[in-house]
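Take a moment to turn the model around before reading on.

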Amino acid sequence: MKKKTFFLMGQPGCPHLSVLRNGLRFCAFCLGFLALPMLGHAQFFEDLSCNGGQTSPPSSPEVQLTLCQQNMGFVPDVTVGSSSTSQSNSSSLPLTTLPNGDKALVNKKVLINGTLNVNVSFVFKGCTVKMGPAALIQTQSGKKVDATQSKFFACNQMWKGFNLPTGTASMTLFDCKIEDADKAIKVADGVPLKIDKCDFNRNLYGIYNGNATAGTGMSISQFTNNNFTCTSILNSQFPNQSGYNDISIAGIFVKNSIATFPSSGSPNSFSKMEFGIQMDNSEVGFKNFSFKAMVVDNGVGGVGVKATSGKLTAAGGGGEFLDNPVAGIDANGTHLDVSGYKFNGDQNKGIRSTNNALAQFIKLIGNTFTINAVTGTAEYHGIYLVRPLASGTQIHAQLEGNTFTLNGAKKCIAMEVLGAFPASDNFVLADNYVYINNTNQFKVHGILMSGGTTNNNRINSNHIYYYSDDNGPGLQRRGIQIVQMNGTGSSCYRNEVIGTANTLNDTRFQCGFHVYNSKDIWFCNNTTEDADRGYHFTGDCDNSVFSNNIIEPSTHGLYVDSGPMGKQFRAGNIWSTAANAFSAAAAKLEGTEPADS
């Protein structure tokens, strides 16, 4: 048997969720269904905890029965088709006419084999519909198929789903459940959709718009209170099914498309799949979506929203990204506008944005990050950003008004910005708040800037507070760290870094500001307090401007070593005059060109 291991909250090697395909079946009489072992897959996830490499005994799992399990002994009122190759038409169904004039199947148990072609528009109303292997419901031009309070499922093998090609009149789904499909809703551009209060479970894809023409898009007028999840491994693949996977790949997949989901007071939720939304060269916008506990399967997934090129616009409004082991948002060469969102839990990256070589616009404003750095081996980040390659005076990337709380004991950085490209436009990192409770001794930063030859980096008005009472040496516990930033026009203004080190040689919080091999930067009007080293310049930091900074009690107020900082003449810096304010030295100068302050 092939063993399939999934990871909900940890990295490979720490199995929080383990499933044996075609194994581990619940005892039939325990569930009260004698036929249950006939199913080809284990229909549950066993939740295990990681304890020093050992798995603790599981508690009794909460089992969510599949629709197939809930409908054992299914006897249809209506049978459509006789085999997987059958072709049938909706005009042959025993349809009734509703008071509004719609044709409908009402309160029927329906078995569909092969393809049901919708040549007469109708609605499934209160129906339970069992689909045969590879069965398909497909609309013809100008026709529509709707469903309300109906259930669609398959047993053993998957079915294909609803196919809505170009020319379909519309589709409306309300209070429905769709399971076991390859693509539950495969929709062409321009087909009007209304989907409310529906559950999509154990489908390879929930909504799929994969062959769109660039510049056109989906037509969605209602989309509220829907749930996309995968509560157990999928049915077996049907013959010649391509791209099969035995957990759900994505709740929504779009390619070369535009998909703007209307604002919703009731959240739409995504969980337990590889990706909540997977978008490729598309423009996607949503508000109040929640993404929880995505799954890593054979090194793939574990991401709330996976974006490759295109543009993503996401507004929180009550939505959150929670416990997605790899990232909440993982964007590759994608324009980003993310505001008002919550990123919570054991999530290795809140937002990761890389490969921004085409002047991408990145706006990350007013988000809240609570990072529980507990299980992962890689460094945790609230935001990890590769600064876009751009020129001119326009701002292409801004991180403003975000709040970060760093918990746990793994390496953790609130915001890291990498200057991989020689950008010369303006970059703004401002008005962010960072609260550090993390106890890791080797690497905890509020802000890490690796600037390269980027110009015009503005690091302004950020507030960083170190609260941990851990007494171990903080070898790289730093408020703001600037490394190898050697462009022009960069500044670090009005930032505040407050630590806890307030006794001689207390190294719990190593540096308020740590600057390494970075030149031509203005440091003005900053405040630091209770760090082992308030301001530490090391390596070649020539031509720095260090002016009007406030240096409150620390072990060392200003520490310069291993290279020049640049001459400072009556720069207006203010050292604390409190008794014993600097338990080692107000300024310790060991550079090759001592500074005059």
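**Starting from one lysine**

Leaving aside residues up to four places away in sequence, K183 touches K160, G161, F162, Y205, G206 and Y208, where a contact means heavy atoms within 4.5 Å. This is a predicted model, in which local features need pLDDT of at least 70 and side-chain atom pairs count only at pLDDT 80 or more, while totals for chains, interfaces and linings use all residues. Residues are numbered from 1 along each chain as its sequence is written, and side-chain values use heavy atoms, with hydrogens and water left out.

So where does K183 sit? You'll find K183 in strand β20, residues 183–187. K183 has a relative accessible area of 14%, so it counts as buried; the cut-offs are under 20% for buried, over 50% for exposed and partly exposed in between, using a 1.4 Å probe and protein chains only. The side chain of K183 also makes a polar contact of 2.9 Å with that of D182. Such a contact is a pair of N or O atoms within 3.5 Å; within protein, one must be able to donate a hydrogen and the other to accept it, and residues adjacent in sequence count only if both atoms are side-chain atoms.

Now zoom out. The protein chain has two helices and 63 strands, and 57% of its 597 residues are buried. Of the contacts between residues at least 6 apart in sequence, 67% join residues at least 24 apart.

Seven of them form an open sheet with mixed pairing, in the order β8-β9-β12-β15-β18-β21-β24. At the edges are β8 (96–97) and β24 (219–224), each pairing on one side only. Two strands pair if DSSP finds at least two bridges between them; β9 (residues 103–106) and β12 (residues 122–125) have three, in the parallel sense. Look there for L105, which stands opposite F124 in β12.

F124 turns up again in the largest nonpolar core, which has 131 residues; F124, F162, I185, F286, F291 and F537 touch the most other members. A nonpolar core is a set of buried Ala, Val, Leu, Ile, Met, Phe, Trp, Tyr and Cys residues joined through side-chain atoms within 4.5 Å. A second, separate core has six residues, including F74, L111, F153 and C155. In soluble globular proteins, nonpolar side chains tend to be buried together.

That brings us to the cysteines. Which two form a disulfide? The partners are C68 and C155, with their sulfur atoms 2.0 Å apart, inside the 2.5 Å limit that defines a disulfide between two cysteine sulfur atoms. The pair links distant parts of the chain, 87 residues apart: C68 is in helix α2 (residues 67–70), and C155 is in the loop between β16 (151–154) and β17 (161–164). The torsion about their S-S bond is about 115°, so the disulfide is right-handed. C68 is buried because its relative accessibility is 5%, and C155 is buried at 18%.

The structure holds one disulfide. Why aren't C198 and C176 bonded? Their sulfur atoms are 4.7 Å apart, which is too far for a bond. C176 is buried at 1% relative accessibility, and C198 is buried at 2%.

Methods
Helices (H or I, at least four residues) and strands (E, at least two) are DSSP runs, numbered from the N terminus.
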